[in-house]
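Here is a friendly walk through one protein model, side chain by side chain. Have a look at the picture, then read on.

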Amino acid sequence: ILCTVMSPGDENASNNLESVSVTIDEYHDLSAISIAPFSAYAVYPYGTYSFSGEIFNAGSVNETDILVRCTVIDSYSVKVYEEIWIIVQIDTGATANITFTPAWSPDHSDSYTLLIEVSMTGDENISDDMRSLPFIIDMTSPTVDVGTNATINEDQLFTFNGSLSYDLNGISNYTWDFGDGTYGFAPVLDHSYPNSGIYNVTLTLTDIVGNSASASVSVTVQN
């Protein structure tokens, strides 16, 4: 913008000119940008998890250069991974689909939190609509309690009890191999053997994310 001084009725301008630079910023309505619900709380095994959701523009103008920041922190609030990408444009009333799959290799089981924040390029402000999503990485196999070795008689019902077994986030499957070609699928089962001999009985557990473990006992059957 150029400014000059003139006398009333005189078309001649003063030689003393002032030049002022004015920058007009593109209008952004950060308050109109919201984060639609991402994946709910879940437990994941190593390397097989992602989070999906939407960024919604409820404003009256098309928004451009929207920054989405996804940060993973551990149970000690230490940042272990961060990823930022730009949504080129979201029209008014429209959504942009987001899928976040961390390129990160955890080395232990832990409780984590995913923080999702939205801002505009060149704007230090962050949207008030932020998501905080807890999740667990479970890399630990179940602890199997199959009981102790036993001696029983032919055709005697014996109770096999695996109910004292434990897993951090829950056991989804119990598989008993009774060593005689038969199987069972419950924490506690009764079983008998019609023939004498020594049978190796194995209990295999699988937790809710697929980690598994096994343990065995020996059952001696007398005639």
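For a surface patch, we take residues with over 30% relative accessible area and no salt bridge, and we join nonpolar side chains that lie within 5 Å. Keep in mind as you read that this is a predicted model.

**A greasy spot on the outside**

With that in hand, look for Tyr76, Val78 and Val80: they make up a nonpolar patch on the surface, and together they have about 310 Å² of accessible area. Tyr76 sits in the loop between β6 (63-73) and β7 (79-90). Its relative accessibility is 68%, so Tyr76 counts as exposed.

Ser77 belongs to the loop between β6 and β7 as well. Ser77 counts as exposed too, at 59% relative accessibility. You'll find Asp65 in strand β6, where it is partly exposed with a relative accessible area of 36%.

**Salt bridges**

How many salt bridges does the structure hold? There are three, and here they are:

| Salt bridge | N to O distance |
|---|---|
| Arg69 and Glu82 | 3.3 Å |
| Arg69 and Glu117 | 3.9 Å |
| Lys79 and Glu82 | 3.8 Å |

Because they share partners, these bridges join Arg69, Lys79, Glu82 and Glu117 into one network. Take the Arg69 and Glu82 pair, with its closest N and O atoms 3.3 Å apart. This pair links distant parts of the chain, with Arg69 in strand β6 and Glu82 in strand β7, 13 residues apart. Both ends are partly exposed: Arg69 has a relative accessible area of 31%, and Glu82 comes in at 32%.

Now follow Arg69 to its other partner, Glu117, at 3.9 Å from N to O. Arg69 is in strand β6 and Glu117 in strand β9, so this pair ties together parts that are 48 residues apart in sequence. Is Glu117 buried or exposed? At 18% relative accessibility, Glu117 counts as buried, since the cut-off for buried is under 20%.

**Aromatic rings**

Next, the rings. A pair of aromatic rings is described by the distance of the centres and the angle of the planes. The model has 17 aromatic pairs. One of them is Tyr49 with Trp104, an edge-to-face pair with 6.4 Å from centre to centre and 85° between the planes. Why does this pair tie together parts 55 residues apart in sequence? Because Tyr49 lies in the loop between β4 (42-44) and β5 (51-57), while Trp104 lies in the loop between β8 (95-100) and β9 (110-120). Tyr49 is buried, at a relative accessible area of 5%, and Trp104 counts as buried at 15%.

Phe51 and Phe135 are both buried.

Asn57 lies in strand β5. Its relative accessibility is 0%, so Asn57 counts as buried. What does the side chain of Asn57 have 3.0 Å from one of its polar atoms? That would be the backbone oxygen of Val61. Leaving aside neighbours within four places in sequence, Asn57 is in contact with several residues, including Ala32, Ile33, Asn62, Glu63 and Ile90.

Finally, find Tyr174 in strand β13 (residues 171-177). Tyr174 counts as buried, with 15% relative accessibility. Again setting aside neighbours within four places in sequence, Tyr174 has contacts that include Gly162, Phe185, Pro187 and Leu203. Tyr174 and Ser212 are 38 residues apart along the chain, and their C-alpha atoms are separated by 10.0 Å.

Notes:
Residues numbered from 1 in each chain as written. Predicted model: local features only at pLDDT ≥ 70, side-chain atom pairs only at ≥ 80, totals over all residues. Heavy atoms only, no water. Phe/Tyr/Trp six-rings, centres within 6.5 Å; stacked < 30°, edge-to-face > 60°. Helix = DSSP H or I, 4+ residues; strand = E, 2+ residues; numbered from the N terminus. Buried < 20%, exposed > 50% of the residue type's maximum accessible area, 1.4 Å probe, protein only. Contact = heavy atoms within 4.5 Å. Patch = residues over 30% accessible without salt bridge, like charges linked within 9 Å, V, L, I, M, F, W, Y side chains within 5 Å. Areas by Shrake-Rupley, 256 points an atom, 1.4 Å probe, with all protein chains shown as cover. Salt bridge = Lys/Arg side-chain N within 4 Å of Asp/Glu carboxyl O. Polar contact = N/O pair within 3.5 Å; in protein donor to acceptor, adjacent residues only side chain to side chain.
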